[in-house]
Amino acid sequence: MSPAATPALQVDDLALSFGGVKALDKVSFGVAPGNIHALIGPNGAGKSTCFNVICGVYRADRGAVRLGGNDVTGMHPHQLAGKGLGRSFQNLALSMHSTVLDNVMLARHCRTRGGFMAAGARWPSMMSEQAKHTARAVEICEFLGIERLLHAPVGGLSYGDAKRVDIARALATEPEVLLLDEPAAGMNAGETAEVAELIKVVRDALEISILLVEHDMTLVMGVADRITVLDFGKVVADGTPAEVRNDPEVIRAYLGEQE
Amino acid sequence: MSEGTLTADPPAETPSHGRRGGLLSNPATLFRWGVRLVIALIVLTPPLYFEPSWLRVGQYVMIGAVAAIGLTLLTGQAGQLSLAHPFFMFVGGATYCVLGSEDAPGKVGFGLPSLVALIGAILVAAALGLAFAPVSGRVRGVYLGVATLALVYVGLYLGQQWTSLSGGTASGRPSPDLNLFGIKTLRNDPEISFLGQAMEREQRVWYLFALLLLIAALLAWGAVRSRPGRAWRAVRDNESAASALGVNVPRVRAEVFAISSGYAGLAGVMTVMWYRLLKPDESEFAGTYSIVVAIAFLAMILIGGLGSVGGAIAGSVLVFGLPGMLTIMIGGNELFGTSGANAITPAIFTSFVYGAAIIIVVLFEPGGLAALGRRLKATAARTQLGSTLLSPKGS
Amino acid sequence: MNTFIQVMVNGLGKGAVYALLALGFVIIFKASGVLNFAHGSFVLLGGYVAVRTQDDLGFTVSAILGVATAGLGALFIERVLVARRPLADPIALALLTIGVDVILTEEIIRRLGVELPFLGRPYDGKPIQVGDITFFRTQLIALAVGAVLVTLFFLAFRLTGWGVAMRAQAENREAAALMGIRRGRVTAAAWVIGGVLAGVAVLFLATQDFSGSGLSRGTHAIALVAFPAAIIGGLDSTEGAIVGGAIVGLTEALSAQYISFEFSKVAVYVVMLTVLIVRPSGLFGTRERTRV
């Protein structure tokens with residue numbers, strides 16, 4: 001990583017309080033292009049808050065979020081999707097009655113056009129655009145190994161497959177930066193290892209940057225190139241897994257939680 | 001998603017991989033063409049053989065079907081409960097009369113061509129639906145259901161007060177005839193006959209309504225199966241996920257409300273043509289644009305299967321069709337030996353039937369008729385008889 | 001000024017009845033998450049039993065019988081239908097109650113036929129003249145009964161085990177179940193209370209003083225104002241139901257007096273829409289938290 005390269009994602013001096021409680025306080029870090037970056041911390045450290053600020057769900061009181069050099073502070077989530085920010089969901093948040101393909105195709109919404117009349121009248125330009133995007137969605141599903149499930153309703157899938165659909169959907173927005181919200185939540189060791197492998201494959205094949213918010217230490221230590229540790233809304237450490245592992249602040253933050 | 005979510009989402013967009021073996025060797029394709037043929041027969045032949053009274057029942061069903069398709073997009077696909085459909089029907093009907101009639105004493109009329117008035121009515125209803133966006137975009141779920149109830153009262157009040165537009169509750173105002181490229185609908189002008197059957201008013205209205213319903217259904221099917229439909233379902237299932245994937249949620253919510261209102265507006269024009277009269281209601285609980293009708297539409301889409309376009313049509317056959325059919329068949333207005341003021345009329349009997357159907361659907365078959373139909377189709381395809389019927393080359 | 005006082009008293013009297021309806025409605029919603037479209041038919045059910053028995057049993061006994069029937073009817077609906085789908089989504093359950101409402105209402109209206117029987121013999125149509133102000137007994141009694149019932153309810157809600165369980169369940173249904181609160185019993189009790197309050201309300205609704213019309217489809221329609229009243233206050237707020245009922249009663253009375261009678265029904269909904277635009281969950285309702 002050359003120090004001159006613009007970070008794929010940069011947060012600067014974020015601050016956000018909820019009724020006097022500082023959920024985020026002067027949080028800054030950057031995700032280098034092509035890196036897998038993890039954001040960790042004990043419960044209530046502000047990981048999710050930070051994640052939600054980046055996604056546009058919360059608005060920070062102060063500070064900035066930059067995506068590949070563009071200032072995206074305060075943008076709505078749906079605008080960010082078009083700016084190259086994709087995200088997965090901890091609770092999957094899929095449409096259970098819809099098919100896998102339908103779920104993945106939703107992510108092409110901001111890349112396609114056409115409203116009710118065009119769609120209703122099956123306007124040729126819209127149909128051909130749709131066919132093109134369907135092909136891409138199928139390709140992404142093949143990449144994630146769920147192509148045999150394209151027409152199955154998501155409601156009937158195993159958790160692992162549903163997680164893949166969730167990631168496929170995030171990738172179908174063609175992100176520069178992929179945010180993963182606790183991808184290993186609710187998984188056993190075997191499944192977690194699979195997810196770790198998947199994250200690496202995604203990064204290597206698509207050459208995108210990944211920001212991971214995660215609880216599971218084995219996953220984080222195994223895949224992350226760089227780790228930012230939050231505690232009480234502040235960055236307490238930022239470095240490689242090896243550096244972070246031995247950082248006294250981090251150890252204190254985690255041991256403190258166990259008391 | 002909770003276990004009880006009601007939906008009849010079609011397995012959206014089954015791509016046509018299945019063309020490989022030609023038209024007839026694919027059971028699904030053959031089935032689809034079979035269904036189309038049956039529908040074409042149901043739509044095209046009745047005016048040739050049925051009495052006008054039966055045709056009027058069918059016309060009425062088609063009005064309900066258009067309205068119910070609009071509502072199933074809103075409630076079934078996009079998850080927004082609405083009781084305002086009768087209001088937008090009234091708006092559509094009134095706009096059609098105002099735009100399409102000549103100016104008369106005490107009644108405003110623009111004297112525009114009737115086709116322009118028809119399209120204008122749909123657009124005005126849709127625009128008013130869009131104007132409701134501050135509410136429909138912000139208020140959610142059951143709150144929205146009650147909020148929309150307000151519009152029924154607003155429509156009732158305006159209809160009674162604004163007599164220069166509505167004609168007033170006493171006499172109403174006559175419906176403009178629809179002149180479709182030189183062919184009038186409500187008058188035999190010019191006289192036409194089709195396969196030896198003179199095309200008079202009820203035949204003409206039947207075919208006109210069938211055409212409108214066809215357009216309404218095709219547009220809805222197309223939209224449900226592509227980009228707008230995906231956005232609707234995403235908004236229904238999880239707003240934050242929809243938003244993260246690039247869907248502008250408030251905008252989609254407002255749009256689908258407007259689209260649904262446009263459908264109601266068209267149904268309103270059809271209603272006015274059916275009665276040949278626009279007549280505002282005298283009360284909010286009985287009448288053409290009342291709460292009872294709002295509930296009847298909800299019953300249609302629920303019985304048909306929420307979100308299913310075909311189901312909405314089937315629902316209308318039951319809810320809007322049954323009273324008329326029963327009246328004709330029993331040749332009167334009293335069922336089960338009852339009589340007088342306490343008689344069980346076909347209308348009351350129908351209410352019992354659809355009330356019970358609603359309960360049964362919610363408790364036992366959340367997908368409604370649409371899910372039943374799909375299961376039937378799947379079973380037919382699996383059984384020996386089905387595969388023989390559906391793939392003539394055998395397996 | 002005298003007109004104003006009279007309008008205010010009438011408005012509050014109406015508001016008390018609306019508050020009873022709205023409170024029942026809110027209790028049912030809080031306990032079971034059901035937007036009860038069948039509330040109007042509970043009103044009709046109680047009223048129907050009362051009018052059919054009042055000639056033989058006298059007003060008081062028939063009124064008690066009507067109220068009890070409405071309560072039991074509500075209980076029956078909850079046990080037999082709603083309880084089968086405790087986790088169904090709110091729109092499905094709302095539609096379920098629409099089905100119940102359609103059947104029950106149509107049958108009662110059919111049985112009534114052309115009759116429009118009045119209730120409230122002891123107090124209806126006997127206005128009291130104080131100077132040049134006319135007070136309607138129905139309104140005054142409704143106000144008193146409403147005040148007593150609401151007070152009783154809030155005492156029960158604060159002090160009894162049922163009240164505590166109910167509040168816990170409204171906070172979080174799964175957690176309450178884990179803590180050993182018997183969901184079935186709490187919910188059933190809520191429906192009974194909702195039905196009873198509807199049964200009491202009809203004793204004032206189907207009167208000369210209140211609506212000028214006997215028991216009819218119109219009574220069912222009036223009962224629908226429980227919706228705007230509950231929504232204005234906030235669907236999950238019992239206090240809000242009382243405030244909402246009062247707001248609706250006053251809005252109706254004031255707009256009927258100072259604008260026009262026809263406008264008074266719309267005025268209620270205009271107020272409701274205004275509240276919803278400013279506060280999408282009503283004045284006292286809990287804001288929906290968006291889960292991410």
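Here is a chat about the labels used for this predicted model and the values behind them.

Me: Before the labels, what are the ground rules?
Reply: It's a predicted model, where local features need pLDDT of at least 70, side-chain atom pairs count only at pLDDT 80 or more, and totals for chains, interfaces and linings use all residues. Residues are numbered from 1 along each chain as its sequence is written, chains are lettered from A and ligands numbered from 1 in the order in which they are written, and side-chain values use heavy atoms, with hydrogens and water left out.

Me: Why is A:Lys26 called exposed?
Reply: Exposed means over 50% relative accessible area, buried means under 20%, and partly exposed is in between (1.4 Å probe, protein chains only). A:Lys26 has 57% relative accessibility, so it counts as exposed. You'll find A:Lys26 in strand 2 (residues 21–31) of chain A; strands here are DSSP runs of E with at least two residues, helices are runs of H or I with at least four, and both are numbered from the N terminus.

Me: What makes the phi of A:Lys26 worth a mention?
Reply: Most residues other than glycine have a negative phi. A:Lys26 is not a glycine, yet its phi is positive, about 50°. A:Glu174 also has a positive phi, about 55°, and is not a glycine. A:Glu174 sits in the loop between helix 6 (159–171) and strand 7 (177–181) of chain A.

Me: Why does A:Glu174 count as partly exposed?
Reply: Its relative accessibility is 25%, so A:Glu174 lands in the partly exposed class.

Me: Why is B:Ser243 called buried?
Reply: With 11% relative accessibility, B:Ser243 falls in the buried class, so that's its label. It lies in helix 13 (residues 239–244) of chain B. Leaving out residues up to four places away in sequence, B:Ser243 touches A:Pro77, A:His78 and B:Val249, where contact means heavy atoms within 4.5 Å.

Me: What makes C:Lys265 and B:Glu284 a salt bridge?
Reply: A salt bridge needs a side-chain nitrogen of Lys or Arg within 4 Å of a carboxyl oxygen of Asp or Glu. For C:Lys265 and B:Glu284 the N to O distance is 3.3 Å, so the pair qualifies. The rule finds 1 salt bridge across the interface of chain B and chain C, plus 7 residue pairs in polar contact (both at pLDDT 80 or more).

Me: How is the area buried between chain B and chain C defined, and what is its value?
Reply: Buried area is the accessible area (1.4 Å probe) that two parts lose on being put together, summed over both. For chain B and chain C that's about 4,600 Å², with carbon and sulfur atoms giving 75%. In residue terms, 49 of chain B are in contact with 53 of chain C.

Me: What kind of peptide bond joins B:Asp189 and B:Pro190?
Reply: A cis one, with omega about -10°. Most peptide bonds are trans. B:Pro190 is in the loop between strand 3 (183–184) and strand 4 (193–194) of chain B.

Terms used:
A polar contact is a pair of N or O atoms within 3.5 Å; within protein, one must be able to donate a hydrogen and the other to accept it, and residues adjacent in sequence count only if both atoms are side-chain atoms.
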